[in-house]
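I set down what I looked up, entry by entry.

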Amino acid sequence: MRRSERLLVLVLTRRCDRRCGFCPQAFEESDMAESVLDAALEGLLPRLAAPARVKLFGGEPLLRPDLVARALDLVAARAPGTPVELPTHGGGLAAAAAALAGRDGLEVFVSRPDPRAARLAGVVHNFLIPPGEAPERTARRLLDARRAGFTRFNVLPAYFAAWTPPQLGRLDEAFARLAGIVARLAAAGRPVEIVNLERAGSTPLYNDGLVVDVDGEVYSSNLVLTAAAAPRRGLLRLGRVQEPGRLAARPPSDAARVLEESFPPEVLAATRAADAALTRFCRGLEGAGVRPGTRGCGARPSAGLRSARPAPRGRRRRPCPTARRRSR
Ligand code: SF4
């Protein structure tokens, strides 16, 4: 029987070889077994509602390029054309180049604006804005990444960080500068895409869906991967990957509740304020005539993308969602 979820998140590893100061995830020395990966793609992928997509997640998923390749092979065999997202810090891209080459529907989200990564088809730069960064520097980084060859950006103010009011003011200023750059590039015929997908979830940053952890436990949100939410993971648990027909159904309000109970109120308030600044940025782009993009990644439709190309006169603009949430 089909479920209502459209997203399958596979946590290929709980390991990461970086320790970004803003990262709220809990790390463990554990990877997904091949049998769990196979069970997830055989038992859960066919049950997703359409349009389905898969996210290969971590930790840092490219610490296990063999699992990434296995997952891509299985998706291609069982559900060809299904979009697959691969977020990565980018350090392992060169070593994994052969495994990733020629994969229809694969969309790599890379944190580091490495010019070699910019050559990947359809690559998106996860453009993180940390609290306290000077707006001029934020603007310069965007231009530098554009010069390095990136044309698609997923803008992410650091979530679950204690933004102060002055820092939030600088974030608004940074977004104003970014909007100006996007408009100028578009006017110069060098458009960029601001890829903040219309996948508003019940919690900032994290994804609702079927989330398969390294041990085969299935959850309703990858919020379960945070250290702060670990004591409440039972509220997100759906069942075991080996029993796909017996997974529970959980309302999104459960993830929202776990979020509320896991983080200090001031951190949640700051996160919501940063999220609201991102939403204003998106609305501003729409107000300037940005329309949904037409360039996708491989066979992937790009219905959720925004490009900086002006909308033709008379074209109906789609409403901006109230939340622009993306995970890394
Ligand atoms: S943000 Fe990504 S690269 Fe940084 S510590 Fe977290 S998982 Fe690792």
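Entry 1: The model is a predicted one.

**Entry 2: the overall make-up.** I looked up the secondary structure of the protein and noted eight helices and twelve strands. The protein has 328 residues, and 45% of them count as buried. I also checked the contacts between residues at least 6 apart in sequence; 72% of these join residues at least 24 apart.

**Entry 3: helix 1 and helix 2.** Two packed helices are described by the angle between their axes and the distance between the axes. I took helix 1 (residues 34-43) and helix 2 (residues 65-78) as a pair, and their axes come within 10 Å and cross at roughly 25°. Angles under 35 degrees count as roughly parallel, and helix 1 and helix 2 are therefore roughly parallel to each other. I recorded their crossing as right-handed. On the helix 1 side, I listed Glu 34, Leu 37, Asp 38, Leu 41 and Glu 42. These meet Leu 67, Arg 70, Ala 71, Leu 74, Val 75 and Arg 78 in helix 2. By class, this contact has six nonpolar, no polar and five charged residues.

**Entry 4: helix 6 and helix 8.** I next looked up helix 6 (residues 165-187) and helix 8 (residues 265-287), whose axes come within 10 Å and cross at roughly 25°. Helix 6 and helix 8 are therefore roughly parallel to each other. Helix 6 passes helix 8 in a right-handed crossing. From helix 6, I noted Leu 168, Leu 171, Asp 172, Phe 175, Leu 178, Ala 179 and Val 182 in the contact. Their partners in helix 8 are Ala 273, Ala 274, Ala 277, Arg 280, Phe 281, Gly 284 and Leu 285. The contact of helix 6 with helix 8 has eleven nonpolar, one polar and two charged residues.

**Entry 5: Ala 97.** I located Ala 97 in helix 3 (residues 97-100). From C-alpha to C-alpha, Ala 97 is 9.4 Å from Pro 65, and the two are 32 residues apart in sequence.

Methods:
Residues numbered from 1 in each chain as written. Predicted model: local features only at pLDDT ≥ 70, side-chain atom pairs only at ≥ 80, totals over all residues. Axes fitted to C-alpha atoms, helices over the stretch in contact; angles between N-to-C directions. Helix = DSSP H or I, 4+ residues; strand = E, 2+ residues; numbered from the N terminus. Parallel < 35°, antiparallel > 145°, perpendicular 65-115°, else oblique. Left-handed = near helix turned anticlockwise from the far one by under 90°. Contact = placed C-beta atoms within 7 Å. Nonpolar A, V, L, I, M, F, W, Y, C, P; charged D, E, K, R; others polar. Buried ≥ 20, exposed ≤ 12 C-beta atoms within 10 Å, placed from the backbone.
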